[in-house]
Amino acid sequence: MNQMKVLHVLSSIGMIILVFTLSSCAVLGLSTARQVEKFFLEAEKLERVEAYNAAIEKYKVALKEFKKPGVTLGVRPHIDEDFPVLIRWRITRCRSKLVELGKLIPERYEDAIDWKTVERVGLRVRECVYTDNNAETSDFLEAEESYYYKDYSMALKKYELALKEPEKHKLTFERLPYIEFIPYIEFIDYRIASCYLKLAEQSESPNILYSKAIVYAERAINHLIGSENYTKPIKTEIQSVIATAHFGIGKIFFEKTDYKKALSNYQLALQNTEKEPSKIKIQLAMTFAYLNQGDVKNATVTCKRIRPTTEKSLKSMLTVDPIIGETLTIARGVQLYLEAGNAVSAIDYKETTFKYHAALTEILGGTSSASGAEYQKELNYILGSLFYKVERFESAEQVLTKAIENFPDSNFTDDAWYAIGDMNYKLQSYIESQSAFRKVIDGFPNSDLRDDAQYFIAKSLLEELEYEKAYLAFNELSTEDFQKYSDLQDDARYHSAYCLNLLNKDDMAIQQYENFLADFTKSPYRVDAYFDLGVIYARQRDYAKARSNYTLAMQQTDDQALLSEIQMVIGHAYYNQGDYKNAIIAHTSLLEKYPESDFIIEAKLGIANSYYRIGEWREAADAYERVINGHPEAINYVPYCAYQIGESHYGLATNHSKKGETKLAVTNFHKALEWYQNIIDNLSTETSENLGEIAELLITSLTRMHNDLNVPEELQSLAQLKKGDTYLAVEQYGKALAEYNTLVQAFPNSSKDSSIQKQIEQVQELIISKNLQPKKVRTTTENPIAQQIARKALASTVLIRIKDAIGDPLAIGSGFFISKDQIVSNWHVVEGATTAYALSVDEKKRYDIKGIIAMNPKQDLVILKVSGESSPLPLGDSHTVQIGESIYVTGNPKGWTGTFSTGVVSGFQMRYKGKRLQIAAPVSPGSSGGPVLNDKGEVIGIVYAGHGGPDAQNLNLAIPVHYLKALLKRVGPPIPLSAR
């Protein structure tokens with residue numbers, strides 16, 4: 001009995017313990033669920049005040065509590081089996097905000113926002129709501145479901161239905177865990193705005209949809225302004241919808257070329273976004289809108305603002321939007337382009353050129369992006385312009401022509417045509433230049449470039465020596481159609497008078513010059529007008545009026561170089577008038593006042609010639625010697641001065657003979673012969689342009705001395721010998737032999753000298769053998785690349801021999817094949833030729849020159865049609881040539897065929913009529929017209945000139961190949977050499 005009682009008591013105690021344990025567990029589970037709720041709500045509050053790091057930690061604590069055993073589910077709808085998914089999404093959202101703020105390195109940002117997770121949470125809660133409330137289908141939840149599945153049309157309908165019955169759907173809304181910090185009505189407005197925005201982006205007529213998006217988004221944001229209950233992120237999200245819609249509307253107006261309205265919407269878009277990627281895209285769009293308006297100032301200012309705030313923010317942007325990097329590249333290129341275009345000082349030339357190159361690199365690197373495709377018409381023009389600015393003319397013309405074809409209605413089309421015209425004008429391709437400029441004039445009646453286009457048409461006609469047409473074209477600028485810019489009017493009026501001057505229509509020119517001077521009292525061309533009037537009056541031999549106008553020209557300028565030139569022509573006016581004493585005074589004044597003048601040599605020659613004219617032989621000889629001794633670089637003047645010194649000594653000798661001063665006469669006759677000999681010694685190596693004329697004068701003087709009875713027989717025979725030497729020096733071997741034979745017959749005693757007989761035999765051998773070529777010399781190299789280039793280049797290089805009207809050799813030069821039957825050379829090589837032929841450097845092939853098929857004397861280029869065929873050399877790009885780059889030259893210096901030499905590009909020169917390459921490679925007479933090649937074996941230049949004597953081999957010039965490419969466009973039927 002007692003035992004039963006004990007068992008009963010123990011059983012009761014056990015039941016109490018069990019109930020207590022179960023009750024404790026239930027209370028513990030409920031307590032844990034409340035802890036989860038507590039931590040979850042604390043995390044939400046921290047997120048609301050943007051304390052994202054603290055919120056993340058609190059969310060993690062909530063999750064840790066949730067995972068404890070015994071947690072009662074269903075206390076709150078969101079604390080259920082999907083609670084870990086919800087926490088993960090919340091943590092991800094906080095991390096996303098930290099990345100946007102630059103407080104989290106993108107690489108450590110584990111997950112992007114996963115809308116599938118959101119859907120899962122939302123649909124689970126929806127099931128809970130239905131279960132708890134036994135509700136039927138909810139329009140709001142169906143709208144949310146359609147929205148997340150991107151069925152925006154259906155979502156829009158359901159949201160509008162939900163908006164009509166807010167009380168019916170509000171409970172559902174409040175229990176959704178992913179919707180926070182915003183009231184029901186404002187949230188629906190935001191969703192409707194988002195739907196309209198998405199539909200607009202998919203629509204072909206989005207304008208109205210964008211406008212509706214803005215209306216609903218602004219309605220939502222206006223209710224939130226000033227409220228402390230709602231955080232910045234949701235306001236930012238709604239403002240983003242407004243910004244995107246305004247940006248979309250701006251793009252529509254941009255495409256319609258209504259840039260004013262486009263800019264207005266872009267500004268509103270910019271005001272409604274704080275996201276850096278969006279700001280960058282909006283500002284780039286604004287830059288292009290300003291450019292299309294022609295507002296370079298605002299385009300530059302706006303473009304300068306396009307930059308990420310920090311390196312971290314850039315990395316963050318690239319994580320969210322990888323294409324933003326290429327957008328920034330384009331923006332940087334456009335900025336450099338605008339900055340370079342705003343440079344106005346010549347001092348900035350180097351920096352400006354660098355910026356153009358940098359801009360070109362940036363834009364080429366970014367044009368593959370979405371922004372590049374969106375703004376391709378603007379970028380095509382900018383690319384073409386950049387290619388032009390860095391002198392890559394071929395690429396520029398290709399890009400601009402393509403832009404015109406693809407975007408004929410672009411605001412830049414007239415700019416593109418103008419750039420093509422200007423480019424061809426600088427290349428002296430005047431026909432193409434005039435055609436492009438005419439497109440501007442005829443196709444764009446409101447273009448600001450019409451006046452400039454007409455002006456350059458006139459200038460190109462002037463360059464082509466079409467003075468009558470140029471005169472009419474300049475006069476056209478004075479009509480009402482071309483009076484937008486006053487600064488061109490004085491230029492045009494002056495040049496129309498200048499054309500009449502060149503046409504020798506003196507009376508009309510004088511009248512037009514005087515009208516110009518009366519109408520344009522402050523024009524910089526006044527000094528030119530007075531100068532030209534002086535020239536006209538000098539031509540009419542009205543030297544008083546000529547000097548009067550020259551003096552007026554001097555009063556109009558303080559330019560020392562120009563003043564010295566005017567002083568020089570005043571001296572010439574006195575000289576031409578026969579007033580040699582005043583000519584000496586005027587030229588002496590130039591030497592004293594302008595010691596740095598470019599006309600020092602001309603002034604010294606003027607003084608020497610004046611003394612010569614008045615028969616003051618000693619002063620004349622001394623003055624000519626001062627030119628030779630003081631200016632050894634003036635090689636064109638040396639033969640003439642030497643000849644005049646010889647003539648001056650001859651004049652002194654004659655005077656002494658008349659006075660019976662035989663000894664002094666013979667001494668001066670000897671000195672005259674010495675100076676004549678000096679000319680003969682240099683005739684074969686000098687490069688003076690007037691050697692033929694000097695040789696003729698020399699032969700005339702030697703003939704006179706040979707026949708002068710006052711000259712002793714010994715000196716007469718010596719003069720006869722020198723006549724033969726003169727013909728020999730200019731390679732007229734038949735005439736040289738005739739003079740030597742005359743010497744033998746006329747002076748048998750003097751001609752017994754064995755050296756004379758030997759010289760006669762040598763000339764006879766030259767005539768018989770007809771082998772006038774010196775031994776061939778070719779430079780060799782151990783460089784395999786150079787050897788390969790040498791083989792190909794020498795196979796294409798030729799020696800050109802020029803003959804005059806009577807068949808005597810006139811000149812030699814070089815050339816090379818650019819097609820199977822066309823060769824290129826310098827114009828000065830063939831100028832004055834009647835017949836010519838070319839020889840391969842191995843002399844195995846002869847090519848008769850049929851005629852000229854294109855020429856540009858200004859750039860010293862000619863293209864010749866030849867009989868026979870050979871391998872052409874490829875043409876390279878002279879615009880990309882760099883100083884220090886290796887080059888290779890082939891040619892025939894002094895007739896030594898097939899010479900190959902190496903060197904480098906040592907500089908660029910702009911002192912000539914266009915750009916020139918300065919090369920450090922040996923160049924001598926006979927090399928003119930030879931090719932200059934790069935490491936690829938491509939022609940980048942044509943040998944143009946060598947400067948100085950044998951010690952100045954690094955001062956050689958070549959014509960860039962882009963001038964040749966321009967000339968190739970003007971190839972026509974062959975014109976015989978004899979017809980030029």
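Two strands pair if DSSP finds at least two bridges between them. Helices (H or I, at least four residues) and strands (E, at least two) are themselves DSSP runs, numbered from the N terminus. Keep both ideas in hand for what follows. This is a predicted model, in which local features need pLDDT of at least 70, side-chain atom pairs count only at pLDDT 80 or more, and totals for chains, interfaces and linings use all residues. Residues are numbered from 1 along each chain as its sequence is written, and side-chain values use heavy atoms, with hydrogens and water left out.

Start with strand 4, residues 835-840. Strands 4 and 5 form a hairpin, with 5 residues between them. In that turn, Glu-843 has a positive phi of about 60 degrees.

How covered is strand 4? Of its 6 residues, 5 are buried. Buried means under 20% relative accessible area; exposed means over 50%, and partly exposed lies in between (1.4 Å probe, protein chains only). Ala-838 sits in strand 4. Ala-838 counts as buried because its relative accessibility is 0%. Contact means heavy atoms within 4.5 Å. Leaving aside neighbours within four places in sequence, Ala-838 is in contact with several residues, among them Val-798, Leu-799, Ile-823 and Tyr-847. The C-alpha atoms of Ala-838 and Thr-797 are separated by 9.6 Å, and these residues are 41 apart along the chain.

Now turn to the loops between helices. Most residues other than glycine have a negative phi. Gln-428 is not a glycine, yet has a positive phi of about 60 degrees. Gln-428 lies in the loop between helix 20 (413-426) and helix 21 (430-443). Arg-541 is not a glycine either, and has a positive phi of about 65 degrees. The loop of Arg-541 runs between helix 26 (526-539) and helix 27 (543-555). Arg-541 is exposed, at 67%.

One more loop residue is Asn-272, between helix 11 (259-271) and helix 12 (276-293). Its relative accessible area is 17%, so Asn-272 is buried. Not counting residues up to four places away in sequence, Asn-272 touches Gln-239, Ser-240, Ile-242 and Ala-243.
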